[in-house]
Amino acid sequence: MTLINEIQPRQGKIDVEEASIVEKDIPREFEKFGNKGKVCTCTIKNESGEIKLTLWNEDCDKLDVGDKIKVTNGYCNEFQGEKQLTAGKFGKVEKID
């Protein structure tokens, strides 16, 4: 398990056991290589800290403020000086009870 406050940019294989979505931006649509997609940023938080999480496509619709989630095999990048966690191509974000 990875503690949110210890996540570093360009770190991979990040597993966050349990966090809550405390804020979520409105999803926006984009087109890349002729494929349409959806992306939105949310803030997740647990007792070890908080971090921005990028949600892609169906995750934008599936997850909302107040949901408890789990991130498996996530990756952290940096955008405009701010750390952002993403499930990327190989990871996943799941809603947990």
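Begin with the cysteines: the structure holds zero disulfides, a disulfide being a pair of cysteine sulfur atoms within 2.5 Å. Select Cys40, which is in no disulfide and whose nearest cysteine sulfur, that of Cys60, is 3.6 Å away. Cys60 in turn is in no disulfide, with the sulfur of Cys40 as its nearest at 3.6 Å. Cys40 counts as buried because its relative accessibility is 3%, and Cys60 counts as buried because its own is 2%; here buried means under 20% relative accessible area, exposed means over 50%, and partly exposed is in between, with a 1.4 Å probe and protein chains only.

Before going on, note that this is a predicted model, in which local features need pLDDT of at least 70 and side-chain atom pairs count only at pLDDT 80 or more, while totals for chains, interfaces and linings use all residues. Residues are numbered from 1 along each chain as its sequence is written, and side-chain values use heavy atoms, with hydrogens and water left out.

**The core**

Next, select Val16, Ile44, Leu53, Leu55, Ile69, Leu85 and Val93, which touch the most other members among the 20 residues of the largest nonpolar core. Such a core is a set of buried Ala, Val, Leu, Ile, Met, Phe, Trp, Tyr and Cys residues joined through side-chain atoms within 4.5 Å. Two or more residues come from each of β1, β3, β4 (49–56) and β5, and β1 gives the most, with four residues. Strands here are DSSP runs (E, at least two residues), and helices likewise (H or I, at least four), numbered from the N terminus.

Keep Val93 selected and show its surroundings: leaving aside residues up to four places away in sequence, Val93 touches Leu53, Leu55, Asp59, Leu63, Ile69, Lys70, Val71 and Ala87, where contact means heavy atoms within 4.5 Å.

**Thr54**

Move to Thr54, which is placed in strand β4 and, because its relative accessibility is 8%, counts as buried. Its side chain makes a polar contact with the side chain of Gln84 at 3.3 Å; a polar contact is a pair of N or O atoms within 3.5 Å, of which, within protein, one must be able to donate a hydrogen and the other to accept it, and residues adjacent in sequence count only if both atoms are side-chain atoms. With residues up to four places away in sequence again set aside, Thr54 touches Val39, Cys40, Gln84, Leu85, Thr86 and Ala87.

Which residues stand opposite Ser20? Ser20 faces Lys68 in β5 and also Lys45 in β3. β1 and β5 run antiparallel and are joined by four bridges, and β1 also pairs with β3 in the antiparallel sense over four bridges; two strands pair if DSSP finds at least two bridges between them.

Now colour β2 (28–32) and β3 (residues 35–46), which pair in the antiparallel sense over five bridges. Lys32 has Asn35 in β3 as its bridge partner, and in this hairpin, with two residues between the strands, Phe33 takes a positive phi near 55°. Of the five residues of β2 the number buried is zero, so β2 lies largely in the open.

Ile26 counts as exposed because its relative accessibility is 77%, and its C-alpha is 8.8 Å from that of Val39, 13 residues apart in sequence.

**An aromatic pair**

What does a search of the whole structure find among aromatic rings? One aromatic pair is found: Phe30 and Trp56, edge-to-face, at 5.9 Å centre to centre and 85° between the planes. Rings of Phe, Tyr and Trp (its six-membered ring) pair if their centres lie within 6.5 Å, and planes under 30 degrees apart count as stacked, over 60 as edge-to-face and the rest as tilted. This pair links distant parts of the chain, with Phe30 in strand β2 and Trp56 in strand β4, 26 residues apart. Phe30 is partly exposed at 25% relative accessibility, and Trp56 is partly exposed at 37%.

Most residues other than glycine have a negative phi. Lys13, in the segment before β1, has a positive phi of about 55° and counts as exposed at 71% relative accessibility. Gln80, in the loop between β5 (68–79) and β6 (82–86), has a positive phi of about 50° and counts as exposed at 74%.
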